Amino acid sequence: MKQVNALSIDKQFKEKMRSKTVFTVHSVFERTINILIENDLFTLACNQIDNAPATLVIDILDFNECQIKANTQGFLSFTTVEITGYLAIDLTTASIWECQLIDFSLHHQHLGKNISLAMQEITSNGNAKWLRKEKSTLTAFDKEMTRMLTERTTNLIESFQKNTSGTIEETIQCAKKLIGLGQGLTPSGDDFLVGLLLAFSTSNTTFFNREKWSEQIVKEAKSHTNIISYSAIKYAASGQTRETIALFIETLNAKENDEQVKLALANVMKIGSSSGTEMAWGILNGLTLLLKQEEQNDNTSKN
């Protein structure tokens with residue numbers, strides 16, 4: 001059995017540490033292992049992965065040699081996480097990490113410029129085919145998926161623009177059409193919604209009933225997508241995200257030069273095959289909505 005040290009542990013994962021809690025391995029990948037603890041998904045991540053909600057980062061390059069399979073049993077205690085017969089993790093070496101998503105100042109003069117720059121980068125260099133300007137190489141399937149994702153994300157954004165006074169029913173119906181839409185471990189529609197939820201959690205602006213909307217999206221996602229996507233949506237609704245994404249959001253709101261914004265975005269776009277790009281697109285669209293609403297509020301107060 002391989003023995004390794006823990007590097008960092010998310011606060012929510014730490015709270016699960018008890019005398020002896022049994023878990024089941026849900027899924028195994030090269031750099032992450034997902035486990036189920038009392039029907040909630042948690043992640044064991046190798047040292048190449050950044051901190052994230054419900055995640056334990058351990059000092060191992062990858063899991064290729066561990067030969068761990070789904071449905072394997074394990075247990076965790078105050079000091080140890082063990083996948084029986086395969087892997088033992090010493091928790092006493094771990095530092096505690098907690099996502100600290102900043103509160104946005106929507107009046108920041110650099111925010112709009114940074115959002116515009118990041119959007120241009122995504123449409124030119126992003127990893128999501130449906131967001132790229134150049135679409136000549138798309139297959140028939142890709143073209144249809146591009147049409148659906150573009151149409152449904154646009155409809156959702158437009159429904160927010162029409163319903164700024166607290167009516168959320170139409171926006172929920174539009175969002176439901178994105179849940180589970182797309183290919184991959186986390187479908188594109190889900191990734192976009194994760195970004196949107198994160199954007200909405202960054203500001204105390206009075207833009208519609210955000211808390212109720214977020215709660216409803218989490219409820220819908222639980223029964224309409226896979227547990228990995230659902231978990232990301234659930235954490236995003238409460239402003240919880242990966243360290244790399246939190247840094248990107250912080251950079252957007254700072255007086256940064258163009259290269260710093262591009263670098264922070266590039267690190268986000270490395271997440272998954274296209275997930276990082278799609279989450280970033282959701283963040284940028286969500287912040288744009290908040291900015292427009294704030295401008296409308298300012299104009300109304302002046303009049």
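In what sense do β7 and strand β8 (residues 87–90) pair, and over how many bridges? They pair in the antiparallel sense, over four bridges. The model behind this report is predicted.

Strand β7 covers residues 80–83.

β6 and β7 have three residues between them. β7 and β8 also have three residues between them. In the turn of the β7 and β8 hairpin sits G85, with a positive phi of about 85°.

One is L76, whose partner in β7 is V81. Another is T80, whose partner in β8 is D90.

| Residue | Bridge partner | Strand of the partner |
|---|---|---|
| L76 | V81 | β7 |
| T80 | D90 | β8 |

**Residue S27**

S27 belongs to strand β2, which spans residues 21–28. Is S27 buried or exposed? S27 counts as buried, because its relative accessibility is 11% and the cut-off for buried is under 20%.

Which side chain does the S27 side chain meet in a polar contact? The partner is the side chain of H26, at 2.9 Å.

Methods:
Residues numbered from 1 in each chain as written. Predicted model: local features only at pLDDT ≥ 70, side-chain atom pairs only at ≥ 80, totals over all residues. Heavy atoms only, no water. Helix = DSSP H or I, 4+ residues; strand = E, 2+ residues; numbered from the N terminus. Buried < 20%, exposed > 50% of the residue type's maximum accessible area, 1.4 Å probe, protein only. Polar contact = N/O pair within 3.5 Å; in protein donor to acceptor, adjacent residues only side chain to side chain. Pairing = 2+ DSSP bridges.
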